[in-house]
Amino acid sequence: KRISDIDQRLTKEVVDLSKEFPKMFASAVTPMFDVLWFTGRMVSLLGVVGMIPFYLYIGATFAVSKFLMPNYEALFTKEQELESDYRFCHTRLRNHAESVAFFGGDDMECKIATSFFEKLVGHQYIVRRKTAEFKFFFHCINKDFKSYSNNVSTPEIVTILMQIIYARRHALDSLADGTAGALASSTFYVRSAVIRTVESFGQIFDLYETMAKLLGSGTRVCQMIDVLEDMAGRVDTIASSGGNTEQGGSSADGDAPTDITFKGVDIVTPLGQCLAKDLSVTVAPNTPLMVTGPNSVGKTSFFRALAGLWPVPKGAVSSPAAPNGVFLVPQRPYAVLGTLADQITYPAAIPKAERDEARLQACLELVGIFYLVAQFEEDGGWDAEKTWEDVFSGGEMQRMGLARVFYHQPAFAVLDEW
C-alpha cells in the first residue's frame, strides 16, 4: 500500500502522539490512586454488602457509556485522512499554480478544493455532534461536583444512598455509646469518599476517551511504519538475492571501473514489477547512447538502477563513482537551498574562498544563462540566496542542470527525458 501523506504523519501525527501519550499516562496516576484508596476506605466503613449499590452504579455507568461512546478511533482516523487530503490539494495547487493559470483552470481547481473542504467540514460536524451528544448523556450520570450546577444528578443520589446505608448500619451503636457526633463525621467522610471516587472515575473515563482518539493517529502511524518496514524488507530481499550495484571501488583486476556495465540485470520496481530481464550492456566513455521506447517501459528505471536507487535482484551493475564518474540530471531539475553559486556546484559545497568564479561564469555561458550573475548583483551576485525554484523559469532550471554537468565534467552525463 502506498502512503500519499507521509509528510503529515511524520511531522504532525508522530509529534502529537509523542506529546499526548506521556501526558495521558501521567494524568492517570492520581485518579487511579484515588479510586483504589477511597474504595478501600468505603469498604472498611460499609462492608462489601454495603458497597453493592456503588459497584452497580459504576458498572452500569461504564457499560452504558462504553456502549454509547462514538467510535473515536475510526472517526478521528477518517478526519485526519480528510485533513491530509485537503492539505495535499492546496500544496499541489500551489506547486502548479502557474500551469493552472495558463490553462485557465481556476474554476475547476476551486471546485476540487471546495469539495475536499466540504468533505472535511462535514465529517468534523459529525464528530462534534456525536461528541456533544455523548457528553450530554455522560454528564447526566457522572456529575462534575466542582461545577456550580444545583441540578440533582445520579452521582448525588448514589452519595445520599451510601450515607443512608452507613448511618443505618451504625446508628444504634452510636446512640448506645453516645457517639452521635462521630457518626455524623463518618457519614460526611463517606459522602466525600464517594464524591472523590466518582470524580476520579470520570477522569479515568475521560482518559479512556482521549486514548480512543489518539488511537486514530496511532493507527495511521502504525500503517506508515508497516509500509516502511515492508519496503525495507523488499529491499533486503532483493539485495540478498544475488544482485549487486557498484559505483567506484575495484574491478576483478583491481582497477576502478571506467565503463558503465550491466551484466544479466533484472530491473524490478519496489512493488515487485519486473520491467527488464537479463539486461546486459556496456557503455564506454565518449560513447553516446540514447535509450528510447514507449512511455512506462522503464527508461527512467534504467537510470534508477544505475544510480543505485533501486537494488537489482539479479546481475551486477558497475560504474565510475559519482559525481565525477556518472552525473545524472533528472526530468525535474532541483534547486538547492543556498547561493547562486551553490546551484552550479551542487552537490558539492564549495566555500567562498575556494570558489572559482571564472569557471562558474564559463559554465553559465555554455548553457546561455550568463546574465544571472548581473541580474542578482544587487542581492549579492554569486552569494545571492533566494527560493530559486520560484525565481528560475523552467528553461533556466533545465539549463542550470546542464551547467552542473559542465562544472563537474563527469565521464558520463545521464540526461533523463531531455
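Q: Why is Phe370 called partly exposed?
A: Phe370 has a relative accessible area of 47%. Buried means under 20%, exposed means over 50%, and partly exposed is what lies in between (1.4 Å probe, protein chains only), so Phe370 counts as partly exposed. The model is predicted: local features need pLDDT of at least 70, side-chain atom pairs count only at pLDDT 80 or more, and totals for chains, interfaces and linings use all residues. Residues are numbered from 1 along each chain as its sequence is written, and side-chain values use heavy atoms, with hydrogens and water left out.

Q: What makes Phe370 and Tyr371 an edge-to-face aromatic pair?
A: Rings of Phe, Tyr and Trp (its six-membered ring) pair if their centres lie within 6.5 Å; planes under 30 degrees apart are stacked, over 60 edge-to-face, and the rest tilted. The centres of Phe370 and Tyr371 are 6.0 Å apart, with 75° between the planes, so the pair is edge-to-face. Tyr371 is partly exposed, at 33% relative accessible area.

Q: Why is the pair of Tyr334 and Tyr346 called tilted?
A: A search of the whole structure finds 8 aromatic pairs. In the pair of Tyr334 and Tyr346, the centres are 5.5 Å apart and the planes 55° apart; the angle falls in neither outer class, so the pair is tilted. Tyr334 has a relative accessible area of 44% and Tyr346 has 30%, so each is partly exposed.

Q: How do you know that Arg359 lies over the face of Tyr407?
A: A charge sits over a ring if NZ of Lys or CZ of Arg is within 6 Å of the ring centre and within 35 degrees of the ring normal. Arg359 is at 4.0 Å from the ring centre of Tyr407 and lies over its face. Lys119 also meets the definition, over the face of Phe116 at 5.8 Å from the ring centre.

Q: How do you know that the span of helix H2 agrees with its number of residues?
A: Helices (H or I, at least four residues) and strands (E, at least two) are DSSP runs, numbered from the N terminus. The expected span is 1.5 Å times one less than the number of residues. For the 17 residues of H2 (residues 52–68) that gives 24 Å, and the end C-alpha atoms are 24 Å apart, so the two agree.

Q: Which residues of H2 are buried, and what puts them on the same side?
A: Phe54, Tyr57, Ile58, Thr61 and Ser65 are buried. They cover an arc of only 95° around the axis (taken from the directions from the helix axis to the C-beta atoms), which puts them on the same side of H2. Leu56 and Phe67, on the other side, are exposed.
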